[in-house]
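Please follow the account below with the sequence and the three-dimensional view at hand.

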Amino acid sequence: MKYFPKKLTSVAGVIALVACTGSGADAGAVDSAGSRAGEARSISAAEKRQGSEAHPQLLEEFGGAYTGPQVPYVVGVGQNIAVQSGLGNARSDFTVTLLNSPVNNAFAIPGGYVYLTRQLMALMNDEAEMAGVLGHEVGHVAARHSEKRQKAATRNSILGILGQIGSQVLLGDSAIGRIGQEIFGTGSQLLTLKYSRKQEYEADDLGIRYLSSAGYDPQALSTMLYSLAAQSAIDARVAGRDARSAPEWSSTHPDPARRVSRAATIASKLTNSGGIRNRDQFLQNLDGILYGDDPKQGVIEGNSFLHPDLRLKFSVPNGFSMQNGARAVAITGSGGQGQFTTGAYNGNMTTYIDTAFSRLAGEGKTIPRGTIERTTVNGLPASYAMARVESNNGPVDVTVFAYEVSKSSAYHFATIAPAGQAGVFTPMYQSLVRLSSNEAAAIRPRKVDVVTVKRGDTVASLSSRMAYRDYQQDRFLVLNRLRATDDLQVGQKVKIITY
C-alpha cells in the first residue's frame, strides 16, 4: 500500500474493456490447465493499442516495474518463450515486465504484454521453470480464454470480469457485488482470474509445447506447479487456514496434485524430455532480488501489517490473511473480508465515511448507513458506521471504521461479514497503533541470497538462517524444492532469505 495512492481508472475496468472489445486480459498466479488450444493469430494493431493503454495501469496496480539487475535476463527469457506461441514474429513484438510485487503471480494480455512478479521468480529454481510459467500465461492469450470467459461471466453474473473475487461466498450475484468489487478488486488479487478446468489444462499444454519448441525441459512446468502448491500450503498455515485446502490461484480449478502429475505425463511424451534447465545461470541472476514486501509500500509480518512511512501498524485475527496491493491491503478469511485503505480527507470525518460508503456502493448507488459512532483507538480519534445490506445469500454487514492520523490524513477499514458477525473484525479495528520512529526504522527489506553449501551444512543449519521467526525449515524446503530427507551436497547452490 503506497503512501499517496493515485486515483486510477480501475484496472478491473481496463481489463473488462479489453475483454469486451474482443481481446481479453489473460492472467493467473500460474493458474491451472491445458489440453489443446485454438490456433495462435498475429497481434493486431487494435490489440497493441489496447495493451499499451492498459500497461501503465497494470504497472501501477502491481507496485511498478522492478528495476534490479534481473530485468534484462527476465526480458530475454520471456521474449524467447512468448515468440514460440506464434502470436508475434519477433522477440521485439513482446513487452516483458518484471513487477515489483510480493504476490506469486504471472499474466499476459493481448498486444504482446507479458508480466512476472519478482516474488514468483524467487520461488523458481531454474530458467526452464520461469519459461514454463510465462508460456502458460501466453497460452491463455493464444487460446483467447479471457474472451470466452468474459462471455460466460457476463451471462451469469453482474460481477462480470470480477467474478473471481473471494466475496462470492457472502455476496452471490446481486448488486451488492459492487461492494466486493471495490473491496477485493485490488492489484494483489485482481489478476488471479479463474478459468475453466478445460482452459487451464489447455494453457498448461500450450506452455509445455512452448518449452519443448524452445529447447527447455518440458517437465519444468510440472515442477513449478509443485512448488506453487507447496508454497500455498505454507501461506495457509501461516494465516491459520487449513493447509489442505486448495490454494487461492486454483480454487475452482483442477486438483493441484492432479495438475502436477498431468503436466508431467504430457511432458514425458515429448521427444526432447530432459532439455535444458539452466539452473546455475538462473540462480546467478536471481541472487539479491527483493523478497516479500517492499517497505516503501508497507510489510506484512505474520498477522500484522506495518508501514514505516505512515508509521502505522495493525493485526488481523487468526484465520485471516493479507495481501498488500498498490491501493489497499486486502484482508481475507472465512468469517469476512475487507481492506485497509485511504481517501481524501479535509478534517470532516462524516464526509470521509460517507465517501467511503459511496465508493463501496458504486456510481449511482447508495448504501444507507447507520449512525456514525465516535471513539478513540490507541490515542487516535476514530469513527465508524455500519450498514445492513441484502445479498443473494442473505444479509451482510458492511462496516467503515476510520482513523484521523492528522487534520489532512485519514485511513479506514472497509469490511463485509455475515449479518450479526461483524464483531469478528473488532480486534483488528482496536489493534491499529502508531509506530515509534525506532520501530519504523527497524523495518528492513528481505532479499534472496544464493549461497554455496559448505562441508557441515545441513537443511536444519541453513534453514536457521532464514529471516523469519516461524516455519523456517518449511520455507527453506519449498523455496529450494527440497524434502527434509534430502542430503545437501558440498558445492550445491541453494536460496535463503536474509535481510
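Predicted model: local features only at pLDDT ≥ 70, side-chain atom pairs only at ≥ 80, totals over all residues.

The axes of helix 11 (residues 220-238) and helix 18 (residues 472-479) come within 9 Å of each other and cross at roughly 160 degrees. Two packed helices are described by the angle between their axes and the distance between the axes. An angle over 145 degrees counts as roughly antiparallel, and helix 11 and helix 18 are therefore roughly antiparallel to each other. The crossing of helix 11 with helix 18 is left-handed.

Which residues of helix 11 and helix 18 meet? Helix 11 contributes Ser 227, Ala 230, Gln 231, Ile 234, Arg 237 and Val 238, while helix 18 contributes Asp 474, Arg 475 and Val 478. Sorted by class, this contact comprises four nonpolar, two polar and three charged residues.

Arg 481 is not a glycine, yet its phi is positive, near 50 degrees. Most residues other than glycine have a negative phi. Arg 481 is partly exposed, with a relative accessible area of 28%.

Asn 278 also deserves attention for its backbone. Although Asn 278 is not a glycine, it has a positive phi of about 55 degrees. Asn 278 is found in the loop between helix 12 (256-268) and helix 13, and it is partly exposed, with a relative accessible area of 28%.

Helix 3 (residues 71-82) has 12 residues and spans 16 Å from its first C-alpha to its last, close to the 16 Å expected at 1.5 Å a residue. Its buried residues are Tyr 73, Val 74, Val 77, Gly 78, Gln 79, Asn 80, Ile 81 and Ala 82.

Of the 499 residues in the protein chain, 59% are buried. Among contacts with a separation of 6 or more, 69% join residues 24 or more positions apart.

Methods: Residues numbered from 1 in each chain as written. Heavy atoms only, no water. Axes fitted to C-alpha atoms, helices over the stretch in contact; angles between N-to-C directions. Helix = DSSP H or I, 4+ residues; strand = E, 2+ residues; numbered from the N terminus. Parallel < 35°, antiparallel > 145°, perpendicular 65-115°, else oblique. Left-handed = near helix turned anticlockwise from the far one by under 90°. Contact = heavy atoms within 4.5 Å. Nonpolar A, V, L, I, M, F, W, Y, C, P; charged D, E, K, R; others polar. Expected span 1.5 Å × (residues − 1). Buried < 20%, exposed > 50% of the residue type's maximum accessible area, 1.4 Å probe, protein only.
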